[in-house]
Amino acid sequence: VTLHNIGRVHEKLGDWDLAQRAFAEARATHAAIGYPRGEAYAIRGLAAVANARGEPRSALGLLREAAELQRRTPDARLLAQI
């Protein structure tokens, strides 16, 4: 969760390299411990980075992954962000 929050700070600051690094670490950690909700949030962050970098296809693919994970753990806030 801390890695995700760090990613959000960098996202809001527009520091895309550091945001991507934090979200990628959060995604890997959540995947390793089997926490799909956290992984979906991290993937949403990676999609925001891809979108900011002008990579809409990549962003949409990531959002599809996040949506699939979100279906396993009902979270209205996450669904709205996706």
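Q: A salt bridge is a side-chain nitrogen of Lys or Arg within 4 Å of a carboxyl oxygen of Asp or Glu; how many does a search of the whole structure find?
A: The model is predicted, so local features need pLDDT of at least 70 and side-chain atom pairs count only at pLDDT 80 or more, while totals for chains, interfaces and linings use all residues. Residues are numbered from 1 along each chain as its sequence is written, and side-chain values use heavy atoms, without hydrogens and water. For the whole structure, the number of salt bridges found is 6.

Q: Which residue forms a salt bridge with Asp17?
A: The closest N and O atoms of Asp17 and Arg53 are 2.5 Å apart. Asp17 belongs to helix H2 (residues 16-33) and Arg53 to the loop between helix H3 (36-52) and helix H4 (56-72), so the pair ties together parts that are 36 residues apart in sequence.

Q: Are Arg8 and Glu11 buried or exposed?
A: A salt bridge of 3.6 Å, N to O, joins the side chains of Arg8 and Glu11. The two residues are 3 apart in helix H1 (residues 2-13), about one helical turn. By relative accessible area (under 20% buried, over 50% exposed, partly exposed in between; 1.4 Å probe, protein chains only), both Arg8 and Glu11 are buried.

Technical notes
Helix = DSSP H or I, 4+ residues; strand = E, 2+ residues; numbered from the N terminus.
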